[in-house]
Amino acid sequence: MPSLRDAIDDLEFIASQEAEDAQDVYDRAAPRYEHFRKIWLRLAGREAERSMIEVLRATLSPGARVLDAGCGTGVTSRTILELEPQVELSLIDRSDKMLSHASDVGAPRVQGDVGSLPFGDDGFDLVVSSWVIETLDDPHRAVQEYLRVLAPEGTLVYTFCSLPRGWFSRAGSFFLRKAVERGFAGHFLDSERTPYHDCGASRLERFRGGLTSLVVLRKCCTVGPAILPAPEAETLPSAGGE
């Protein structure tokens, strides 16, 4: 369990951030990023992360060309190599400070923008992007780039922070959402800002009342806003009795 001093340090870090430029935010966050990532998974992201890992487990094969887009400190890349050590892995992130914490990953590391990937078309069998697109000004552009560099039979998988659609879920997640927005330049994407295309080869899963999401796409469609069914009515939990 974290100490009171750790909790105070975390709050001071979040309060001191100026979330105007995502690269600057993550340059400053790099030394403590994995600590905060564990907190995020415990509070909200664990189910989406587990679902992503199951997709990776089912998709990875020896020799597969894999891109970790917005790799951060290399957490997802390490998981990929644990699942299948014989992949051809590449990492890219805008923050050189984050990339420096991935120096133990035995794969090429590129400093660059996921919204304008410095790779040719159709070059990867699998593109993974974990908790990235919500920090971008144009999530759709990034996902279109992911699909551009994806091979015709490849798979794209990404997790992201999403805006709950029910009022109770929104109210219950308010302070967590504000902490993420303030401390990590994260925006909880509504349907209009969620890159997706609903076809037989695609999949969208929501977790924690819609607070986190996972999308799996193939290179068959141009993404647009996610068209989702109306949310079910939410009610306050019962205080007891009928």
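Three bridges join strand S2 to strand S3 (residues 109–111), and the two run parallel; strands here are DSSP E runs of at least two residues, helices are H or I runs of at least four, and both are numbered from the N terminus. Two strands count as paired if DSSP finds at least two bridges between them. Within this pairing, Leu91 sits across from Arg109 in S3. The model is a predicted one, so to speak of local features takes a pLDDT of at least 70 and side-chain atom pairs count only at pLDDT 80 or more, while totals for chains, interfaces and linings use all residues. Residues are numbered from 1 along each chain as its sequence is written, and side-chain values use heavy atoms, with hydrogens and water left out.

On its other pairing, S2 (residues 88–93) meets strand S1 (residues 65–69), again in the parallel sense, over five bridges. To get from S1 to S2 the chain passes through helix H4 (residues 75–83), a β-α-β crossover that is right-handed, which is to say that, with the strands pointing away from the viewer, the path from the first strand over the helix to the second runs clockwise. S2 is mostly covered, with five of its six residues buried (under 20% relative accessible area; exposed is over 50% and partly exposed in between, with a 1.4 Å probe and protein chains only).

These strands belong to an open sheet of seven, in the order S3-S2-S1-S4-S5-S8-S7, with mixed pairing. S3 and strand S7 (203–207) are at the edges and have a single partner strand each, so one side of each lacks a neighbour in the sheet. From one strand to the next the twist averages 15°, taken between lines fitted to C-alpha atoms, with angles from 0 to 180 degrees between N-to-C directions. Further along the order, strand S4 (residues 124–130) pairs with strand S5 (residues 150–161) in the parallel sense over six bridges, and Val127 stands opposite Leu156 in S5.

Arg208, in the loop between S7 and strand S8 (212–218), is another non-glycine with positive phi, near 50°, but is partly exposed at 39%.

A cavity is a set of points on a 1 Å grid over the protein atoms alone where a 1.4 Å probe fits but cannot get out, and lining residues have an atom within 4 Å of a point; its volume is the space filled by probe spheres set on the points, which are joined across faces, edges and corners. The largest has a volume of about 320 Å³ and is lined by 22 residues, with Tyr26, Gly70, Asp93, Val132 and Thr135 nearest its centre. H2 gives the largest share of that lining, three residues. The second largest cavity, of about 40 Å³, has a lining that includes His197, Cys199, Cys220 and Cys221.

Notes
On a 1 Å grid over the protein atoms alone, a cavity is a set of points where a 1.4 Å probe fits but cannot get out, and a pocket is an open set with protein on both sides within 12 Å along at least five of seven lines; lining residues have an atom within 4 Å of a point.
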